Amino acid sequence: DIIDLGDYTENPQYPKSSIASTLAYSASQEINKKLFSGATLGLYQSMQFKTCNIIELRTTLDELLMYWGQENQIRPHFSTDKNNVTVPVMCSSIVGVNGEYSHIIAKTKGDAISAYGVDEMQHLVANNMVIRHLASVDGVPFEEQKPLIKDGKLLIKEVQSVRNYSYKHLSEAASYHILSKINEIIEGDYIDYSGISQEEFFDTVLNVGLNLSTKIQQKIQAYDYTKEAPKFILYANDEKLLSIRDCILITLLHLCGWDILIFIPTGYNIFGDNFKREFIQQHTVGGLKFDINFKTLDESTPEKKGFFSRLFI
């Protein structure tokens with residue numbers, strides 16, 4: 001039998017899928033484009049912005065307590081421009097103890113991620129990706145190990161393609177948000193690492209930044225940058241210093257748009273030599289006190305409020 005297959009075609013045209021929209025869908029897209037352009041303050045879609053820039057919001061202590069639980073969009077200096085949003089966030093320490101101390105703790109606690117002492121911060125970083133010499137070396141075959149930093153810049157696509165990349169389950173926007181802020185630390189001047197080599201510093205940044213705990217990941221995944229910022233609170237009640245890993249973690253969370261608050265009743269310089277103090281605002285509230293047990297501190301004790309506290313709280 002002879003079967004005629006017809007003329008030979010070198011590049012046959014296969015059917016392609018196509019997308020068609022209803023009139024209502026097209027109209028809704030046009031309306032959304034005009035209404036939620038980012039140019040009108042207060043008019044935003046849910047999760048409209050994929051990442052954010054931050055601006056340091058310096059306040060009085062009373063203002064800190066007033067703005068602490070408020071949405072970013074009603075804070076001073078919040079701004080949007082098309083696809084970009086700048087959120088005003090606070091990075092502050094409260095030094096000393098006064099008569100309203102329990103009230104301040106109760107006012108700021110909320111659903112913040114907290115560490116009771118510097119030692120507890122180690123629980124906020126997992127160990128899923130082990131970075132050595134700028135490459136992931138745990139769970140990745142040798143032939144697949146590639147440098148994740150080149151010329152002082154994070155190779156975001158290379159990181160995302162690593163076999164054991166920790167944030168594959170996050171949305172593309174949340175994953176990119178974290179990686180872009182890791183890159184800011186690498187390129188920026190936030191941490192003093194003069195005691196170690198640049199490669200060791202980069203390895204440490206990656207070992208912290210690529211191993212955030214599940215609870216932190218969930219906060220970042222759910223963060224709508226026009227709404228209330230996630231919080232991290234450190235209750236530092238002893239003489240232990242923040243390690244370079246701790247400083248990197250605090251800086252990364254802050255760059256991701258988190259409010260940071262550190263209670264230091266002792267007045268000790270817990271920041272050591274790595275954290276640059278100009279990035280944190282200090283509020284001195286009273287005399288120094290040692291060996292406070294923050295976990296059992298009675299938050300229900302009524303306090304006598306000052307004039308500004310009565311105004312704002």
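The model is predicted, so local features need pLDDT of at least 70 and side-chain atom pairs pLDDT 80 or more, while totals for chains, interfaces and linings use all residues. Residues are numbered from 1 along each chain as its sequence is written, and side-chain values use heavy atoms, without hydrogens or water.

Let's start with helix α8, residues 244-255. Helices here are DSSP runs of H or I with at least four residues, and strands are E runs of at least two, numbered from the N terminus. At 1.5 Å a residue, counted over one less than the number of residues, the 12 residues of α8 should span 16 Å, and the end C-alpha atoms agree at 16 Å apart. Buried means under 20% relative accessible area, exposed over 50%, and partly exposed in between (1.4 Å probe, protein chains only). In α8, 11 of the 12 residues are buried, so this helix is largely enclosed by the rest of the structure. Among them are Asp246, Cys247 and His254. Just after α8, Gly257 adopts a positive phi of about 100 degrees.

Now look at Ile220, in helix α7 (residues 214-222). Ile220 is buried, at 3% relative accessible area. Ile220 and Leu253 are 33 residues apart in sequence, with 9.2 Å between their C-alpha atoms. Beyond neighbours within four places in sequence, the contacts of Ile220 (heavy atoms within 4.5 Å) are Ala174, His177, Ile178, Leu212, Cys256 and Trp258.

Finally, turn to Phe290, in the loop between β12 (281-284) and α9 (307-312). With 43% relative accessibility, Phe290 counts as partly exposed.
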